Amino acid sequence: MDVDGPLRERLVDAGVELVLPEGTASVGLREIARRAGVSHGAPRRHFPTHRALLSAIARRGFEELGARSAAATAGTAVPRDELAALARVYVTYALERRGMFELMSRHDLLDSGEQSGTPDGPRLREATLPMFQRVTELVARCRAQALEPSPAVTAAALWANLHGIAQLWSWDSLRLALGGERRRSTLRAVPGRRGSSRPSCGAVGRCRSTARTNGRR
């Protein structure tokens with residue numbers, strides 16, 4: 001009988017229970033051991049480092065988000081509709097599972113590199129990257145269809161984009177997703193910077209035209 005497998009899953013279960021309400025800082029080997037009803041040294045048999053433990057917990061979150069995404073997009077044939085469904089699932093998951101979402105974004109705390117020395121490193125990459133790759137494919141297919149949001153929505157989206165780039169880069173999540181791409185390349189993609197492509201949204205142009213018109217009054 002394999003007793004190590006069930007024990008490992010119990011330890012991860014306890015970690016998930018901890019991270020959901022209290023966030024990453026609450027997850028420690030001793031507290032997980034206490035909740036799982038084992039000795040303080042037992043988790044070290046499966047998780048030699050704190051990063052290894054956090055990686056196993058985060059993989060649970062990516063698997064759950066992946067399952068939600070698959071269910072939400074089943075039968076969706078239009079790329080823009082699928083992208084919208086994925087966006088709703090992503091934001092909803094972030095709001096409902098705040099502690100887990102924080103951990104999933106903190107690749108500076110996880111063994112997600114290709115050369116990771118723990119079994120959960122490669123598995124974590126396998127759970128993370130396909131979602132990013134799918135969104136990239138959908139965005140490429142939607143680029144020919146320009147959206148026309150209001151200036152306020154455009155500004156809010158740009159704000160969120162800038163905030164997200166700063167935060168995800170500080171957590172090493174962008175480094176994982178983009179592989180060899182460097183920070184300067186990422187920043188060049190931000191609309192308005194020299195060398196970046198012009199925004200496809202006409203609302204930005206209308207906003208500038210309105211500002212010039214108001215200035216002449």
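The chain holds ten helices and zero strands, in a model that is predicted. Read from the N terminus, its elements therefore follow the order α-α-α-α-α-α-α-α-α-α. Of the 217 residues, 35% count as buried. The accessible surface of the chain amounts to about 13200 Å², and carbon and sulfur atoms account for 55% of that area. Among contacts that link residues at least 6 apart in sequence, 67% join residues at least 24 apart.

With a relative accessible area of 24%, Glu 64 is partly exposed. Once neighbours within four places in sequence are left aside, Glu 64 is in contact with Tyr 93 and Arg 97. Glu 64 and Tyr 93 are 29 residues apart in sequence, while their C-alpha atoms are 9.3 Å apart in space.

Turning to the surface, a nonpolar patch is formed by Tyr 90, Val 91 and Leu 95, which together have about 290 Å² of accessible area. Leu 95 belongs to helix α4, residues 79-96. This residue counts as exposed because its relative accessibility is 51%, and the cut-off for exposed is over 50%.

Helix α5, made up of residues 98-105, is mostly covered, with six of its eight residues buried. The buried residues of α5 are Gly 99, Met 100, Phe 101, Leu 103, Met 104 and Ser 105.

Terms used: Residues are numbered from 1 along each chain as its sequence is written. This is a predicted model: local features need pLDDT of at least 70, side-chain atom pairs count only at pLDDT 80 or more; totals for chains, interfaces and linings use all residues. Side-chain values use heavy atoms; hydrogens and water are left out. Buried means under 20% relative accessible area, exposed over 50%, partly exposed in between (1.4 Å probe, protein chains only). Helices (H or I, at least four residues) and strands (E, at least two) are DSSP runs, numbered from the N terminus. Patches are made of residues with over 30% relative accessible area and no salt bridge: like charges are joined within 9 Å, nonpolar side chains (Val, Leu, Ile, Met, Phe, Trp, Tyr) within 5 Å. Accessible areas come from the Shrake-Rupley method with a 1.4 Å probe; for residues, only the protein chains shown count as cover. A salt bridge is a side-chain nitrogen of Lys or Arg within 4 Å of a carboxyl oxygen of Asp or Glu. Contact means heavy atoms within 4.5 Å.
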